[in-house]
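Hello,

Here is the structure I said I would pass on. My notes on it follow below.

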Amino acid sequence: MEKYKFIDDLTSDVMFEAYGSDLKELFENSALALFSIICEIKKVGEEKIIDVEVNGDSLEELMVNWLQELIALVDTDELFFSRFEIIEVNENNLKAKIYGEPISPEKAGVVVKGVTYYKLKLEKIKDNYKATISLDI
Amino acid sequence: MKEKIQKINDYEWLLPKTAREGMKVDAKIIANKKILDNIEDDAIQQLTNVACLPGIVEPVIGLPDMHFGYGLPMGAVSAFDSEEGIISAGLCGFDINCGINSIRTNLTVNEVREKLKELVPALFNAIPCGVGSKGKLRLDYNELDDVMTHGVNWAVENGYGTKEDIKKTEENGCMSGADPSKVSDLAKKRGLPQLGTLGAGNHFLEIQKVSDIYDSNYAKKLGIIDEDQVLIMLHCGSRGFGHQIATDYLKIQEKAVKKYNIWLPDRQLACAPVNSKEGQDYYSAMKCAVNYSFTNRLVMTQWIRETFEKVFKKSWEDMDMQTVYGICHNIVKLEKIKGREYYIHRKGATRAFPDMPVLIAGTMGTASYICKGTELALDKTFGSSCHGSGRAMSRHAALKQFRGEKVSDELKEKGIVSKASNWKSFAEEAPGCYKDVEQVVDSVHNAGISLKVVRMKPLGVLKG
């Protein structure tokens, strides 16, 4: 199954769809889509490991907070991430281990300023999940 | 929505409040017909959304660089009554005090051109560019507090820039009332390592030559006297620090919307009443990001000066590398216009008060402008003008249409030396992704809200 896909919708910003057969995969693939913009994930190693926990009032809120947390970690810890392992996720809480390496100009993409609510949607289609997410660049 | 637009004159268009239910005031677009015809319908719809907010003062303004954005188009101005209105984190956007500094030199185009291949990489080394570069300054929390509350005064006290720079910056480079206690620990943590960094996206550093002078008296006051003179333009914002403050307060204000029972046509327009805690806390935190951003640009200005010193073997003072002006284009400000106070939200819009400089950035392959504000801008646009040429194509579409290497080669053919942190940046920011800056500036000039003073063409470009 395709992990994510970019949609040509926003003039200045970026929109993507991420997919997953369960919530864990959906949150992992959404993070992969985000980091495919921030850095060249295929070239980024996994030697730095960070534990992340986020909360949210709803699944949508949890997704925004998850991606927002990852964006902040790029600045505070000066790391690019390439692998996201969701340990557990429910409607209001997510625990994950994320893997990356120190930022470097050679592997850099673009700064993502924020995760927006524009057309934000998390849906279950048959047995699969789909998230539609827009980023402010 | 476009079919409801009525012509006022060749450069002004009215979208009456009858266009849709819930609009409290009219909206107005400043643009020539060609630009108007190409504005996305969704962006026009966004203007009407803002016209529904409490305490909005007529009219909501769309400028010729406007394009669809987060909640409100980039290139828009909305003014709210200072008692009955709202303050909105959504209407200011993520990059608080994104703005431009223009720096002059007394160097000629020939002197600079022969050194360009040395100068551009030297600047690239001196200024951390892109998401992969680490900042050279590492503030501690006390220093960050000082930057938040003292703005460029901190920079000058620490050897970055001079008192002259302070005078040549909007708000003298420091908005009063900034309160670090209203800023989250996470925002502060993001701000510590990033002062003196350019960022990425549409942020840039450009070496320019003056190509046309339209108002020589005003240009002379800015220290611009010669068509071969070289200027520098720096475009960037408050980095992750400002992004986090925006993110935090979008959430806080989203709750405030429910608390104060505000009806929003779009949840992205999160806001709070002007005199509420959620409104004023945002305003105090936003000012911290505004001051951080002013400081960020001045710190980098000093590094640009030092780099020129190394390359040209002269002191920056001898090269007359003074700030022409520094201005913001993403900001909320309480301003008094013709006796009435408003909370003016400028998102991708520049202050254009009478006889004050207005800086308008083009693309990396096209011209940029220095204009001056007018009385008419006070009457028509709450003392505001456009901020750039405005995007016309999405980043995704740009990556499909342009190749970074080819964009760089095309710039080279035009004699422009360019360097970016990666090829993708060139593709995403290709000149073809933007509106025609000449049409945009003609629109604001002919509408009378800011008048052309100087046109500059790029010689060297650094992209994040």
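Leaving aside neighbours within four places in sequence, B:Ala79 is in contact with B:Val57, B:Tyr342, B:Ile344 and B:Phe382. Please keep in mind that this is a predicted model. B:Ala79 sits in strand β5 of chain B, which covers residues 74–81. Is B:Ala79 buried or exposed? The residue has 27 C-beta neighbours inside 10 Å and the threshold for burial is 20 or more, so B:Ala79 counts as buried. B:Glu58 is 21 residues away from B:Ala79 in sequence, and the C-alpha to C-alpha distance between the two is 7.8 Å.

Chain B

Chain B contains 17 helices and 19 strands. Its radius of gyration is 21 Å, close to the 23 Å that the globule rule gives for 464 residues, so chain B is as compact as a globular protein of that length. The C-alpha trace of chain B spans about 60 × 50 × 45 Å along its principal axes. Of the 464 residues in chain B, 63% are buried. Among contacts in chain B between residues at least 6 apart in sequence, those that join residues at least 24 apart make up 77%.

In soluble globular proteins, nonpolar side chains tend to be buried together. Here the largest nonpolar core has 163 residues, and B:Ile245 and B:Met286 have the most contacts inside it. Helix α12 of chain B (residues 277–312) supplies the largest share of this core, 14 residues. B:Ile245 is in contact with B:Ile96, B:Val183, B:Ala187, B:Ala285, B:Met286, B:Cys288 and B:Ala289, leaving aside its neighbours within four places in sequence. Another core lies apart from that one; it has 50 residues, among them A:Cys39, A:Trp66, A:Val112 and B:Val131.

Chain A

Chain A has two helices and seven strands. From the N terminus on, the order of its elements is β-β-α-β-α-β-β-β-β. The radius of gyration of chain A is 14 Å, close to the 14 Å that the globule rule gives for 137 residues, so chain A is as compact as a globular protein of that length. Its C-alpha trace spans about 40 × 35 × 30 Å along the principal axes. Buried residues make up 50% of the 137 residues in chain A. Of the contacts in chain A with a separation of 6 or more, 61% are between residues 24 or more positions apart.

How do the helices of chain A pack? Helix α1(A) (residues 23–38) and α2(A) pack at an angle of about 40°, with their axes 10 Å apart. The crossing of α1(A) past α2(A) is right-handed. On the α1(A) side the contact uses A:Phe27, A:Ser30, A:Ala31, A:Leu34 and A:Ile38, and these meet A:Met63, A:Trp66, A:Leu67, A:Leu70 and A:Val74 in α2(A). By class, the residues of this contact are nine nonpolar, one polar and no charged.

The contact between the chains

Chain A gives 29 residues to the contact and chain B gives 36 residues. On the side of chain A that touches chain B, α2 (59–76) and β6 (114–125) of chain A each supply at least two residues. α2(A) gives the most to that side, with five residues. The side of chain A that touches chain B has 14 nonpolar, eight polar and seven charged residues.

Regards

How values were computed. Residues are numbered from 1 along each chain as its sequence is written. Chains are lettered from A and ligands numbered from 1 in the order in which they are written. This is a predicted model: local features need pLDDT of at least 70, side-chain atom pairs count only at pLDDT 80 or more; totals for chains, interfaces and linings use all residues. Two residues are in contact if their C-beta atoms, placed from the backbone, lie within 7 Å. Helices (H or I, at least four residues) and strands (E, at least two) are DSSP runs, numbered from the N terminus. Ala, Val, Leu, Ile, Met, Phe, Trp, Tyr, Cys and Pro count as nonpolar, Asp, Glu, Lys and Arg as charged, and the others, Gly among them, as polar. A nonpolar core is a set of buried Ala, Val, Leu, Ile, Met, Phe, Trp, Tyr and Cys residues joined through C-beta atoms within 7 Å. A residue is buried if 20 or more other C-beta atoms lie within 10 Å of its own, exposed if 12 or fewer, and partly exposed in between; C-beta atoms are placed from the backbone. The radius of gyration is taken over C-alpha atoms; the globule rule is 2.2 Å times the number of residues to the power 0.38. Axes are lines fitted to C-alpha atoms, for helices over the stretch in contact, and angles run from 0 to 180 degrees between N-to-C directions. A crossing is left-handed if the near helix is turned anticlockwise from the far one by less than a right angle, and right-handed if clockwise.
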